[in-house]
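Colleague: I've got a model open and I'd like to learn how to read it. Could you walk me through it?

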Amino acid sequence: MLDFFTIFSKGGLVLWCFQGVSDSCTGPVNALIRSVLLQERGGNNSFTHEALTLKYKLDNQFELVFVVGFQKILTLTYVDKLIDDVHRLFRDKYRTEIQQQSALSLLNGTFDFQNDFLRLLREAEESSKIRAPTTMKKFEDSEKAKKPVRSMIETRGEKPKEKAKNSKKKGAKKEGSDGPLATSKAVPAEKSGLPVGPENGVELSKEELIRRKREEFIQKHGRGMEKSNKSTKSDAPKEKGKKAPRVWELGGCANKEVLDYSTPTTNGSPEAALSEDINLIRGTGPGGQLQDLDCSSSDDEGAAQNSTKPSATKGTLGGMFGMLKGLVGSKSLSREDMESVLDKMRDHLIAKNVAADIALQLCESVANKLEGKVMGTFSTVTSTVKQALQESLVQILQPQRRVDMLRDIMDAQRRQRPYVVTFCGVNGVGKSTNLAKISFWLLENGFSVLIAACDTFRAGAVEQLRTHTRRLSALHPPEKHGGRTMVQLFEKGYGKDAAGIAMEAIAFARNQGFDVVLVDTAGRMQDNAPLMTALAKLITVNTPDLVLFVGEALVGNEAVDQLVKFNRALADHSMAQTPRLIDGIVLTKFDTIDDKVGAAISMTYITSKPIVFVGTGQTYCDLRSLNAKAVVAALMKA
């Protein structure tokens, strides 16, 4: 049973609607428009919203959308056929009203489609019930009937390759049983080399069986004892000649006291003076203002200038004929026209580090968007598909929610509470380093930061954050801010409960008047269930304002697996009714990938969450905001 079926234009005018149940279809259809149609995610023609499954079809020629909704637990096999039949009949019946391409004509038009729809629905339901009875396959039609009976006989202990050999030997014995070979029966079993036992017709006494088993035991275990004796003899002189390691005068020593460079510090104690160059640590550029990401390089500009020079020397006649060759004229695009271009686009996206599944869905979405669309006179299929793909990529990189940390922090200040940010991700992606960069960016904007060291597992994690805190304190000493401590580390050592440390840090920040709390967590793989449970506990107990997933730009298909399993683990292991998932993404190591920027597309497409920060270097100023158009330009560059 269908819940609803609606037809509306891409401009937002509902032309006709069928309501199967009393519930309104406005919510599910609006969710479909927001999450799929506006976000360019039309690779799959189905969408799930709460307890409903929505299937839709786009008519790009007349700018129409056909949507049907039914319960998710039902398996309706006739829905696809029903959508195709309704689409065909509605388009043919009201072609003149739709072709006028004006909102006033659509509003004034009367679309009496109820009786036709009920007839098509009844026919589709009956066609799904009437199925050809399945006939049982006869034995003569099976592959087993084609094999001879002899090939299916198997004897125990025989391998398939040995069957032919054994049959040949048996045949030879039978043929020569009357000849001189018959005397072989009189040969004793021991001399003939055959195994002795009742299966060969030779019975042994108990004493002979015991003697044979004893000989077999000595043959098996005697060699191992000889080897062990040899090894013990060879090890003996080595132990005698063992020397103590030589200690050099200038080589130093490996004593624990000498190698321990950490100083005992407690929460709130002043850090030691910094002996490093502050300018090298800080980097160049304005720290308080995030610059847009620039994906272009000087080599690309030089190549573009060189490529324009030989084009001017070409003959104009050949260029004109080449341009006219690709024109499609005023015709509607079909799948066959776009197939070769989309295949090249898909391979190009995969080469640029986009995940394979996402590249396929993107090309499928572009095909659904352009299928049936009438092209202009002076336009080619390649340029049209490329333009549509660029628009889709820009739309994907600009998701529904935009994270503005500075505005949210000022809102939390008015409420007199700290703004809490939690960083999570897999091992080695740069969580602590980028946490320090974000801390410097917040300090440059005048906010005080408390860093909570909740990575109690990795050796050196607390010392790494202590070093960053000491450097940031040198860049923003209390003397510049009226004696106020701008950055401080809150740590409780190793082996403690991370959720408890985060809770104590938030309470400490509230009492001491810190503006922001940055929670650093341990790196964990997405398949590690105990660690994912601990992360879900930390997020559920402390309810941070922002959960940032830190991922590196070097990954391809792994980015999809990481984000999907992180979100799934947070949802499965959360104790709340509405589990808290990832709110944004920090993309690191962006300066190491040149123009292979596909990881940004993969991560944003999977989560529908924005990329808040992009790490582009090793100094504190190497933090950028994502520029969607620059990323797409680098992605589409050949």
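This is a predicted model: local features need pLDDT of at least 70, side-chain atom pairs count only at pLDDT 80 or more; totals for chains, interfaces and linings use all residues.

Colleague: Fine. How many helices and strands does the protein have?

Modeller: There are 23 helices and 14 strands. Of the 638 residues, 38% count as buried. The accessible surface comes to about 38,200 Å², and 53% of that belongs to carbon and sulfur atoms.

Colleague: What share of the contacts between residues at least 6 apart in sequence joins residues at least 24 apart?

Modeller: That share is 75%.

Colleague: Now the sheet. How do I read one?

Modeller: The general idea is that strands of a sheet pair through backbone hydrogen bonds, in either a parallel or an antiparallel way. Here, 9 strands make an open sheet with mixed pairing, and the order runs 6-14-13-12-11-7-10-8-9.

Colleague: Which strands stand at the edges?

Modeller: Strand 6 (291–292) and strand 9 (487–490); each has a single partner strand, so one side of each is left without a neighbour in the sheet. For a parallel pair, look at strand 8 (residues 449–453) and strand 10 (residues 516–520), which are joined over 5 bridges. Within that region, Ala453 sits opposite Asp520 of strand 10.

Colleague: And helices? What should I look for?

Modeller: An α-helix has 3.6 residues a turn, so residues three or four places apart point the same way. Then check how much of the helix is covered. In helix 22 (residues 598–607), 9 of the 10 residues are buried, among them Ile601, Met603 and Tyr605. Just past the end of helix 22, Ser608 has a positive phi of about 60°.

Colleague: Last one: which residues have the most contacts inside the largest nonpolar core?

Modeller: Leu362, Val385, Met405, Leu442 and Phe613, in a core of 113 residues. Apart from that core lies another one of 26 residues, including Trp16, Phe62, Val68 and Phe90.

Colleague: What is Val385 in contact with, leaving aside its neighbours within four places in sequence?

Modeller: Val385 is in contact with Met338, Val341, Leu342, Met345, Val366 and Leu370. You've already met Leu370, as a contact of Thr384.

Terms used:
Residues are numbered from 1 along each chain as its sequence is written. Side-chain values use heavy atoms; hydrogens and water are left out. Two strands pair if DSSP finds at least two bridges between them. Helices (H or I, at least four residues) and strands (E, at least two) are DSSP runs, numbered from the N terminus. Buried means under 20% relative accessible area, exposed over 50%, partly exposed in between (1.4 Å probe, protein chains only). Contact means heavy atoms within 4.5 Å. Accessible areas come from the Shrake-Rupley method with a 1.4 Å probe; for residues, only the protein chains shown count as cover. A nonpolar core is a set of buried Ala, Val, Leu, Ile, Met, Phe, Trp, Tyr and Cys residues joined through side-chain atoms within 4.5 Å.
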